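I opened a notebook page for this structure and wrote down each look-up as I made it. The sequence and the coordinates come before the entries.

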Amino acid sequence: MATEHSLPGNYSYSEDHEWIDATPEDAVGATVKVGITSVATERLGEVVYAELPQVGDAVTAGEPCGEVESTKSVSDLYAPVTGTVTEVNDAVHDDYAVINDDPFGAGWLFAVEVDEVGPLMTAAEYAEANGV
Amino acid sequence: MTARDRYPGPIMTAPREPFFPADRSIRASGEPPEIRYLGVVDYQEAWNLQAELASQRAAGEIGDQLLILEHPSVYTAGKRTQPEDRPTNGLPVIDVDRGGRITWHGEGQLVVYPIIKLADPVDVVDYVRRLEEAVIATVREVGVGNAGRIDGRSGVWVPADGTRRDRKVAALGIRVTRGVTMHGLSLNCSNTLEHYGHIVACGIDDADVTTLSMELGRDVSVREVTAPLVDALLAALAGELAVADHTFGSAPDPTKIPAKTR
């Protein structure tokens, strides 16, 4: 693979390339941040627009909850967990480059109070599944 | 290391190293796509058909499809279309769910909508570059030998010369849902450019649009270009037509407008 990925070891990952900043066990009942992985940002190209869920929205694991636009393409954003959106990172709307530059940090997208988690992988499992 | 460190300059730069070997198919299926020649189809009708086919493709009920058509005159606007991009002639605009801003479709313009299940891992950049590559090959084959890319902008362009600015001959706008593509590309063959005069096409106001007929000084019909484009698309998707760097210029992407200013 052409590039290296530093996947945070304490995060969990979905096959749709979203992350949460917790283990599945710790996530249930807690509020977690959600973002897209560096694997996703590379394959999307430069993000120019994102449509995110709003505070109070219910999201369902595996279901679309927003959109990301890059390279003249719109791609769905899938929720990695089921729960209620408690916060949205409005800062990304000021400069979407932060999603490409720091996908696991400042480029987080929204926070969810988690009822249930979808199928999630550890960093090692995600890395192996994506050949990174 | 950030994405910017890895890719100096705009991340969208074409081509970047694909995640698939360039000689491998980007389609999940090895079966040839079904090619549907639909003639002139109303935009909304074609959009409904695309959505239905994409949903069936995602569910594995059908194979890949290539829709070949023309639309009656219509403007379509992606989500990021700015108020000032919109037409000043009172004609209706259909708001659509593809990437990109506003564009025009009409008879004489060849439209292709590939409904393709992309191979895992889905690589949107590679897909877009392959579509562009197919159009570049086709446009050059027809006679516009210097058509290529402008770094930072999608679509296919003819470079400025002594009297004319850079001008776009083909536009792209894509949507990917559940790994299946929708929307696609439009290539100006013999259409009028009149309707572009009323919008800021793709949000780019420092360049022009053109047609193959205008570039070559003869009538280049949709009919003439269809077969070469279909062949080139199949080859590009299959990895038999490698994505190469046909970049002749660089321009800032004016479409990156922070949401706060919208």
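**Conventions.** I am working with a predicted model, in which local features need pLDDT of at least 70 and side-chain atom pairs count only at pLDDT 80 or more, while totals for chains, interfaces and linings use all residues. Residues are numbered from 1 along each chain as its sequence is written, and chains are lettered from A and ligands numbered from 1 in the order in which they are written.

**The annotated lysine.** I looked up the record for chain A and found that UniProt, in an unreviewed entry, places "modified residue: N6-lipoyllysine" at A:K72; positions are given in the numbering used here, feature names are shortened, and annotations may be inferred rather than shown by experiment. A:K72 sits in the loop between β6 (64–70) and β7 (73–78) of chain A, where strands (E, at least two residues) and helices (H or I, at least four) are DSSP runs numbered from the N terminus. Is A:K72 buried or exposed? I count A:K72 as buried because 29 other C-beta atoms lie within 10 Å, the cut-offs being 20 or more for buried, 12 or fewer for exposed, and partly exposed in between, with C-beta atoms placed from the backbone. I then listed its contacts (C-beta atoms, placed from the backbone, within 7 Å). Leaving out residues up to four places away in sequence, A:K72 touches B:G99, B:G100, B:V128, B:S154, B:L172, B:G173 and B:I174.

**The annotated span.** From UniProt, again an unreviewed entry, I noted "domain: Lipoyl-binding" for residues 31–113 of chain A. The end C-alpha atoms of this span lie 4 Å apart, and the span is 19% helix and 46% strand.

**The sheet in chain A.** I traced an open sheet of six strands in chain A, with the order β1-β2-β3-β9-β8-β5 and antiparallel pairing. Its edges are β1 (12–13) and β5, each with a single partner strand, so one side of each is left without a neighbour in the sheet. Two strands pair if DSSP finds at least two bridges between them. At one end, β1(A) and β2 (residues 18–20) of chain A pair in the antiparallel sense over two bridges, and A:Y13 stands opposite A:W19 in β2(A). At the other, two bridges join β5 (residues 58–59) to β8 (residues 81–88) of chain A, again antiparallel, with A:A58 opposite A:T84. I found seven bridges between β8(A) and the antiparallel strand β9 (residues 110–117) of chain A, where A:T82 has A:E116 as its bridge partner.

**A tyrosine in α5.** I placed A:Y126 in helix α5 (residues 123–129) of chain A, and A:Y126 counts as buried because it has 22 C-beta neighbours inside 10 Å. Leaving out residues up to four places away in sequence, A:Y126 touches A:L7, A:Y13 and A:M121. The C-alpha atoms of A:Y126 and A:S12, 114 residues apart along the chain, are separated by 8.4 Å.

**Chain B.** I recorded five helices and 12 strands for chain B, and 47% of its 262 residues are buried. Of the contacts in chain B with a separation of 6 or more, 75% are between residues 24 or more positions apart. B:T192 is partly exposed because 15 other C-beta atoms lie within 10 Å, and its C-alpha atom is separated by 22 Å from that of B:E141, 51 residues apart along the chain.

Methods: Two residues are in contact if their C-beta atoms, placed from the backbone, lie within 7 Å.
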